[in-house]
Amino acid sequence: MTPAAFQKKTYALKGAVTVEQRGEQTVLVFSDGFHTKKGPDLKVFLSKISVSDATGANATTDAVRLGALTSNKGGQEYVLPEGVTLSDYSSVLVHCEAFSKLWGGADIS
């Protein structure tokens, strides 16, 4: 997959995400240049909604939580849970669950 650039919704996100297949695992890889503002309760989600259509209110609807954002800067990886098919999703979102604030994301399809 060609790297997909992150897009701002509430706060700027820099860098890109790529998808790597490692044996049976599908891994989302954030680039070393990833950077965003620190925030409480930031999580990474796979969403069926494109970044342009995503909001704080719908970011988690029919989405798969991949885990807490490891760091607000630098490369990081998120493994898709078993049984999750990447082609069923449109974007990767960085979202503050506690306050329903969508930081931003990247369209992956």
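A salt bridge here is a side-chain nitrogen of Lys or Arg within 4 Å of a carboxyl oxygen of Asp or Glu. The model is predicted, so local features need pLDDT of at least 70 and side-chain atom pairs count only at pLDDT 80 or more, while totals for chains, interfaces and linings use all residues. Residues are numbered from 1 along each chain as its sequence is written, and side-chain values use heavy atoms, with hydrogens and water left out.

**Stop 1: the salt bridges around E97**

Select K43 and E97. They form a salt bridge whose closest N and O atoms are 3.5 Å apart. K43 sits in strand β7 and E97 in the loop between β10 and β11, so this pair links distant parts of the chain, 54 residues apart; strands (E, at least two residues) and helices (H or I, at least four) are DSSP runs, numbered from the N terminus. K43 is buried, at 11% relative accessible area, and E97 is partly exposed, at 26%. Buried means under 20% relative accessible area, exposed over 50%, and partly exposed in between, with a 1.4 Å probe and protein chains only.

The relative accessibility of R65 is 45%, which counts as partly exposed.

Which residues make up the network of salt bridges here? They are D41, K43, R65 and E97.

**Stop 2**

Keep D41 selected and look at its backbone. D41 is not a glycine, yet its phi is positive, at about 55°. D41 belongs to the loop between β6 (35–36) and β7 (42–47) and is partly exposed at 32% relative accessibility.

Next, go to S100, in the loop between β10 (91–96) and β11. S100 has a positive phi near 50° and is likewise a residue other than glycine. At 43% relative accessibility, S100 is partly exposed.

**Stop 3: E20 and R22**

The structure holds five salt bridges. Select E20 and R22 for another of them: their side chains meet at 2.7 Å, N to O. E20 is partly exposed at 31% relative accessible area, and R22 is partly exposed at 34%.

**Stop 4: the aromatic pairs**

How many aromatic pairs does a search of the whole structure find? It finds five. Rings of Phe, Tyr and Trp (its six-membered ring) pair if their centres lie within 6.5 Å; planes under 30 degrees apart count as stacked, over 60 as edge-to-face and the rest as tilted.

Select Y11 and W103. Their ring centres are 4.5 Å apart and their planes lie at 55°, so the pair is tilted. Y11 is in the loop between β2 (7–8) and β3 (13–14) and W103 is in strand β11 (residues 101–107), so the pair ties together parts 92 residues apart in sequence. Y11 is partly exposed at 29% relative accessible area, whereas W103 is buried at 4%.

Move to F30 and F34. With centres 5.0 Å apart and planes at 55°, this pair is tilted. Both F30 and F34 are buried.

**Stop 5: N72**

N72 is buried at 15% relative accessibility. Leaving aside neighbours within four places in sequence, N72 is in contact (heavy atoms within 4.5 Å) with F34, H35, T36, K37 and K38.
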